[in-house]
Amino acid sequence: MLGNFQDTCFHQLFEFQVKLTPDAITVIFDGKQLTYQELNFEANQLAHYLNTLGVGPEVLVAACVERCLEMVVGLLGILKAGGAYVPLDPHYPQNRLALMLEHSQTAVLLTQQHLVESLPEHRGHVICLDGNSETVACFSEENPESGVTRDNLAYVIYTSGSTGQPKGVASSMAVQ
């Protein structure tokens, strides 16, 4: 049992739920589904891969994906690696995406193969969640130990702000 949930990060609560109901369906999208165990294994493999790319506490990872099962794997994988995600809507204008990527200085960009050509240039690693499955599948399915705490960043969301320029708003791992 985890005890005091106030000191627990979201991904740790998820891992606790995996132990309770590993075979229960946790996400369904477009006729596909994942159990808690399957989602946990896939997110763990991605987290271990992200760790090899330098993702850990306070490292920002951009996620520019359309809604799909891989999006859930990606966001959970980032949190399990200890990183913080920066959600980018693939339907935003290219100049807005470019500004957000430049400002956030993300080390890694998670996306989908069909979006790569339409995205602005990114200096970090680009990982296609639907195209790097063989690489990611080589990594451990075990829960990673990232050392992240509730005080570390979980995500940075960009708002339009009063000037029309995107501004990042950060939130910690603390479960509210």
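Take the contacts in the protein chain between residues at least 6 apart in sequence: 63% of them join residues at least 24 apart, where contact means heavy atoms within 4.5 Å. This is a predicted model, so local features need pLDDT of at least 70 and side-chain atom pairs count only at pLDDT 80 or more, while totals for chains, interfaces and linings use all residues. Residues are numbered from 1 along each chain as its sequence is written, and side-chain values use heavy atoms, leaving out hydrogens and water.

The protein chain has 5 helices and 8 strands, taken as DSSP runs (H or I, at least four residues, for helices; E, at least two, for strands) and numbered from the N terminus. Starting at the N terminus, the order is α-β-β-α-β-α-β-α-β-β-α-β-β. Of the 176 residues, 44% are buried, meaning under 20% relative accessible area with a 1.4 Å probe, protein chains only. The chain exposes about 9,400 Å², with carbon and sulfur atoms supplying 50% of that.

Now for the helix packing. Two packed helices are described by the angle between their axes and the distance between the axes. Helix 2 (residues 36–52) and helix 3 (residues 69–81) pack at about 55°, their axes 7 Å apart. Helix 2 and helix 3 are therefore oblique to each other, a label for angles that are not under 35 degrees (roughly parallel), over 145 (roughly antiparallel) or 65 to 115 (roughly perpendicular). On the helix 2 side, the contact includes Leu-39, Ala-43, Leu-46 and Leu-50, and helix 3 brings in residues including Val-72, Val-73, Leu-76 and Ile-78. The residues of this contact split into 10 nonpolar, 5 polar and 2 charged.

Helix 3 also meets helix 1 (residues 10–20), with axes that come within 9 Å and cross at roughly 110°. That makes helix 1 roughly perpendicular to helix 3. Phe-10, His-11, Phe-14 and Glu-15 of helix 1 touch Leu-76, Leu-79 and Lys-80 of helix 3.

Finally, look at Glu-66, in the loop between strand 3 (60–63) and helix 3. At 28% relative accessibility, Glu-66 counts as partly exposed, the class between buried and exposed (over 50%). Leaving aside neighbours within four places in sequence, Glu-66 is in contact with Met-71, Pro-90, His-91, Gln-112, His-114 and Leu-115. Among these, Gln-112 is 46 residues from Glu-66 in sequence, yet the C-alpha atoms of Glu-66 and Gln-112 are 7.9 Å apart in space.

Definitions and conventions:
Areas by Shrake-Rupley, 256 points an atom, 1.4 Å probe, with all protein chains shown as cover. Axes fitted to C-alpha atoms, helices over the stretch in contact; angles between N-to-C directions. Nonpolar A, V, L, I, M, F, W, Y, C, P; charged D, E, K, R; others polar.
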